[in-house]
Amino acid sequence: MRLSATVLILVSALPAMAEPVATRKGMDGFITVDRLPVPDHPALAQGRILWGDTCQNCHGGDKLTGAPKITSTKAWDKRIAKGMDVLTGHAIEGFIGPRYTEMPARGGNSDLSDAEVSLATAFMVWASGGAALAENYANSMKTKD
């Protein structure tokens, strides 16, 4: 009995593998970076930091902005289906959506490089139902450098 309790304590102390937390509706409430898992992929982990610095104000769930909420597959499925090139292009160059909502170029942060915007976008995709697509994209970014 004592051995099984010790094993249970040790196993529960191990860090969980980072898994996206996407659901149809997304996580409840406004989402801040500290509520999101850290991806195992280093490039996506960097994207998470960038997302917290620039993107969370709109994509954390502020309904007034019209930005798709991170972790909501309902909000992201059709966007993800367009592919990473379209999504990163919209994030870098800016985009006016079909309901006249605006994605400002570089999330309004002109100091971000194309690569940084791409990493933040890939992280959002990873956390919103497109983990495999985001991981493949992050891998392809490494080979371009």
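Visitor: What should I keep in mind about numbering and confidence?

Guide: Residues are numbered from 1 along each chain as its sequence is written, and side-chain values use heavy atoms, with hydrogens and water left out. In this predicted model local features need pLDDT of at least 70 and side-chain atom pairs count only at pLDDT 80 or more, while totals for chains, interfaces and linings use all residues.

Visitor: How many residues line the largest pocket?

Guide: Rolling a probe the size of a water molecule over the atoms shows where empty space is left. A pocket here is an open set of points, on a 1 Å grid over the protein atoms alone, where a 1.4 Å probe fits, with protein on both sides within 12 Å along at least five of seven lines, and lining residues have an atom within 4 Å of a point. The largest pocket is lined by 43 residues, and Gly66, Ala67, Pro68, Ala75 and Arg79 lie nearest its centre.

Visitor: Which helix gives the largest share of that lining?

Guide: Helices are DSSP runs (H or I, at least four residues), numbered from the N terminus. H3 gives the largest share, five residues, and spans 73-81.

Visitor: How do H2 and H5 cross?

Guide: Their axes come within 7 Å and cross at roughly 85°, which makes H2 roughly perpendicular to H5. The contact (heavy atoms within 4.5 Å) includes Trp51 of H2 and Phe123 of H5.

Terms used:
Helices (H or I, at least four residues) and strands (E, at least two) are DSSP runs, numbered from the N terminus. Axes are lines fitted to C-alpha atoms, for helices over the stretch in contact, and angles run from 0 to 180 degrees between N-to-C directions. Angles under 35 degrees count as roughly parallel, over 145 as roughly antiparallel, 65 to 115 as roughly perpendicular and the rest as oblique.
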